[in-house]
Every structure is written in C-alpha cells, then in structure tokens.
Amino acid sequence: MDPRSLAPENFAGYRPQARAFAEKHIAILRSLPLPLLSILIAQIIDYDLRFPAEQRTLDRQFDTLSRMDTTSRAALLDPFFQIELSPELLSLDWLHQPHVFNEHLSAALWSTHQIDAYREAGQAYEARLASALVGDVPSTPRFVIVLVGSGVSQMNHVLFRNLRPHGVLFTALDPKGAHEALFTLLRDRAAKEPEPYAHWYIEGGKPASELVTNPVTVLSYEALAPIAFNELNLMHRFATTPHTQSGISAEDIQSFMASLGPKELGLAALPGDATLHAFQASILTNGAGTQIFSTTFVQWTAREALRRAQPITLLARFSPRQVMASMNTMLHRDPLTQEKDVEGSLIDADMGAYYTWLNLTRLAGSEQSRFLVWFEDQRIALAIAPTLPRGTTSSSQLTMRQLLESMADASHLSSVS
C-alpha cells in the first residue's frame, strides 16, 4: 500500500486507542516516507499496550510534526524519501505487520549499503524532535536503588569502579535495618504518588513480600523463569521442525521469537494487566540472555523499564545466577535448580548497576535524580545525588536511613575525602 492512500478503514483491525490515534493523525501518516512510517506504525499498532509515558511521547512527537511548517518538515523527511526500497520489500504488509517489515528493512539497508544514510536521517530526525522524544521531567526527582552481591561474604573485586567518579563511596555503612529502610523508601514514594507504573521493584530471585503491593510494579526472575523455559522449548521445537531444517536461519529464529506474545508464552496465568504482560513478553523475546541468567534479566528489565515506563522510583536487586555451562546445556535445564555462581554474579551486577545509572542519566530531569548502589548486607555503598560531592569517599558511620537522608541534605557528613 502507498502511504498516500491511507484511509480510516485501513486501521479497522487495530485496538481502540491505536485506531483512534491513527485516524486522528492520518494526514501526517500519509505524508511520511515508508522507512520512517513503518517505525512509527510499529509504535502506534501497540499503543493500547504501551506505558503512559510512551503514549505521551508518541503524542508529542506527532503534535510536533503537525506544527512544523511545510518547508521544514519536507527538509526533515527528504533523506528518508531518498532511501530506495525494492519491490519485494514494498509488497510486505507494513500496515499490519510493521515489526516483520522493519526486520526486512534493516536487512535490506545493510545489503544495499544504505544503512549509513538511514542512520544519518534518523539522527537528524531525533535531533529535531529531541524535546518531544526526551519525555517528561518528573515533579519528584527519580530515585533508583540497586542491590548487588547477595550471598557474597568476601569481596575479591573492586566494586563500583565506573561509578566512583560520579558520587560518594561510603565505606562504613551499618547494614542493620538497611533493607527495611530501602523498602520503606519505595513504599512511601509509591503511596505519595500512586500513578500506574511509576514505581518498580525488579527482583533477580524471590520478591520480598513486603514490596509485592500496589501501586508498586513487581517483576521477578523466579516468576518468569518457567515462562522463559517455555519460550526456549517453543524455539527448539520451531528450529527442529522437519520442514524447516533445510532452510532455518538465525533470522528465522529471531523472527519467530519476536512473534511470541503473552498468549503463546503463557503469561496470562501471572498477575498483571495486558500492558505488563506485553512488557514481560518483550523482555524475554527481545533480550539476549534474559531467559537464562537472572543477572541479565535484572539488568535488561531495569533498562527497559527506565527507557519505556520512565518511573520515578526503581529498586533492582541482583540475585545469584546459575553457573556457566555450554549453551546447549543452559538452554535445556531449569535455571532455578542449578548451582549458583555468587562471585561471578557480583561482577555481573556491578556492571549492571553502572548500566542502570547510565540509563537513568538519559531521562529528562536526570540532573536531579538520585542513584544508590549497595553491596548487600555489607558496609559498602555508593550514592550519586546533586547534594553530594563527586569522586569522593566517606568513612562516616551511617545507617542506611541516614545515608538516604544525606542524599537530600549532605550538610551533616563529617568525613568525606
């Protein structure tokens, strides 16, 4: 279909909110070049299942496009129009299967050496619409907490090396009552601002029962591991089906996994609404290793929650992952019953904490955000906040509650070097 011939009836198969959005902005959709339109259609078609923050970003994006004058918009879109698409690509159903179309588009851009031109066009588009794409500055500064090192009694690894230049390393933290102080912070912030998906608890093992309560969004590896095991079995069945053995490829398997939704994976049996189930499915089908390693699951889920839901509170706890083995072995065994690699998991979590902070810094209002990573049950933590100095170490004797207070007011810290 030529985008210029789009009509309201073409969106009849969309969910209600997606259909209303497409019909409202049909004039803009008709004017867009297909290499860009297919990306936006992929977002619109899932509009009903997207987080409120994602919906607002898409709303702002189209509002910005609609307010641009004709000359400016033409200059912005022209590089996309210069991308040459083959008849085979144009024959695909980009309107109802945009994800499939975009996979083939990506392969075509590489094979025709147009990927650089496409990237340049995309970067210019993002730069022009930066204010619409960046998201909302929260009225309450974001607070992200990461717990690492569960089960590790002796540290043989220099922790938080990448984070130290950005905050204060605390070396004399009293771990007594620390968990309760952190849980109380999350509960209090959720009670004060109970918006949907504004407060998250991501757990690499079994969730703490005191945090499994509305309005906190809870995701745990323990709950999703059986779903992931089901996904891997479906993938194995697809890859070994006799009629596909001669022509199966990595791209075919990737496309099959991407096609698996909440229904196919069995997510309907878990607590949560359609939006959360769709998010869980994306974590398991789009993340590399999220099905096998709890540490990868926590790191990727925290990344996606920050990028998509843009919460104001997030607590991510890394738990020990299963020991390494051959890929074939790990694909076929239950990760919850395996021996755990606690020291290797600490190294994974240390890097995961750094990635989580990086993802936090990409959000609007990040200069006012708070970030805390704690070596669980130990005396070491690192805090980043606008109230704290950078690249320093504190030997102050503090409880976790006092440390959290210091992130709001650093005036009482007595030993910072």
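The lining of the second largest pocket, by class, has 14 nonpolar, 6 polar and 3 charged residues. Here Ala, Val, Leu, Ile, Met, Phe, Trp, Tyr, Cys and Pro count as nonpolar, Asp, Glu, Lys and Arg as charged, and the others, Gly among them, as polar. A pocket is an open set of points on a 1 Å grid over the protein atoms alone, where a 1.4 Å probe fits, with protein on both sides within 12 Å along at least five of seven lines; lining residues have an atom within 4 Å of a point.

Please keep in mind that this is a predicted model, where local features need pLDDT of at least 70, side-chain atom pairs count only at pLDDT 80 or more, and totals for chains, interfaces and linings use all residues. Residues are numbered from 1 along each chain as its sequence is written, and side-chain values use heavy atoms, with hydrogens and water left out.

Back to our pocket: Thr217, Val218, Pro271, Gly272 and Leu276 lie nearest its centre.

Now, the aromatic rings. Rings of Phe, Tyr and Trp (its six-membered ring) pair if their centres lie within 6.5 Å; planes under 30 degrees apart are stacked, over 60 edge-to-face, the rest tilted. That rule gives 12 aromatic pairs. Phe21 and Phe62 are edge-to-face, because their ring centres are 5.1 Å apart and their planes at 85°.

Which cluster do they belong to? Ring pairs link Phe51, Tyr197, Trp200 and Phe279.
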